[in-house]
Amino acid sequence: MLRKRLSLQEYIDGIKCGKRFILSRAITLMESSLDSDQKLAADVLEALLPYSGNSIRVGITGVPGVGKSTFINAIGPYLIEQGHRLAVLSIDPSSEISRGSILGDKTRMSELSLNPSAFIRPSSTGNNLGGVAQKTRESMLLCEAAGYDVIFIETVGVGQSETLVHQMVDCFLLLMLAGAGDELQGIKRGIMEMTDILVIHKADGENTPLAMKAKKEYENALHLFPKPESEVLPRVLSCSSIEKKGLDKIWKAIIHYQQKTQQNGFFQQQREKQRLQWLHDALGQQLKQLFFQHPKIQHELAQLEQEVLLGHASPTKVARALIQAFTTPPS
């Protein structure tokens, strides 16, 4: 049996009242590729835009296996005890073969997912590079309109994800492991320069001395980097999600960073830049969609692809021909 299609007003009222099932349906609407859904989704977002923006947005990244979901499952209940409402937008990688996604973060965050003050939304990356779902920004604003004042964006933890996440959050948190080796950690100057808070995770049991040693090493390393654009020096902390140790210090560091950047104006400046980046990304996505839906492109693409496939034409030349066909008005 098909579910009743919700009206614009039903979406608006339901989200403003904090109804999680309406919020979930609204995010599904945002992710839909149907023209009718995209029009309604744009109207929903536009209506709720004035009610968004009142949260601290935190990007959480790190290599697979560092324990991002475990960390969120541990710190989430702590935040809720402090009176916050937490939304977690967790991104699962899509298979290049089946286009499927495991979407297992609700299972990994079993404790948090049962809490009525938490909202966990796993989304697939789809064809979007960088470990970020295509509609993450829209989902984030809807969560804010629903009253969630802390937004976590958990990435896949792949190489391209850091820059994309950095373009949509207020604070960037990097989880690390002690003693895993630089080649496993994938440490790069770029990600270190983007990091606002670096956390040595799994600092418990026999791993505690290694974690303390790693903490000192990263503190020394960060002193070699130029002063960040935010003018707030990055912090290095350690924690154990199993022992629930160090979580309060991490949250205090996030709030400290938010307060400092609000005071020096960087917070608002960064959000303005992110809104412009969102506009440019949306233009790119919509232009790509228009391009492949164009009758001339649909008519000529298959044949030109075959010429490239057989080596009879260069991709650059074919791309130029297709762009010309797209931009040439009908005679």
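On a 1 Å grid over the protein atoms alone, a pocket is an open set of points with protein on both sides within 12 Å along at least five of seven lines, and a cavity is a set where a 1.4 Å probe fits but cannot get out; lining residues have an atom within 4 Å of a point. This is a predicted model, where local features need pLDDT of at least 70, side-chain atom pairs count only at pLDDT 80 or more, and totals for chains, interfaces and linings use all residues. Residues are numbered from 1 along each chain as its sequence is written, and side-chain values use heavy atoms, with hydrogens and water left out.

**Second largest pocket**

- This pocket has a volume of about 500 Å³, volume being the space filled by probe spheres set on grid points joined across faces, edges and corners.
- Its lining runs to 27 residues, and Glu193, Thr195, Pro228, Glu229 and Pro234 lie nearest the centre.
- Elements giving two or more residues to that lining are strands S5 (171-177) and S7 (235-238), plus helices H10 (189-194), H11 (208-222) and H13 (266-293).
- Helices (H or I, at least four residues) and strands (E, at least two) are DSSP runs, numbered from the N terminus.
- The lining splits into 14 nonpolar, five polar and eight charged residues, with Ala, Val, Leu, Ile, Met, Phe, Trp, Tyr, Cys and Pro as nonpolar, Asp, Glu, Lys and Arg as charged, and the others, Gly among them, as polar.

**Cavities**

- Asp170, Tyr257, Thr261, Phe266, Phe267 and Gln270 line the second largest cavity, making three nonpolar, two polar and one charged.
- H13 gives the most to this lining, with three residues, while helix H12 (247-264) also supplies at least two.
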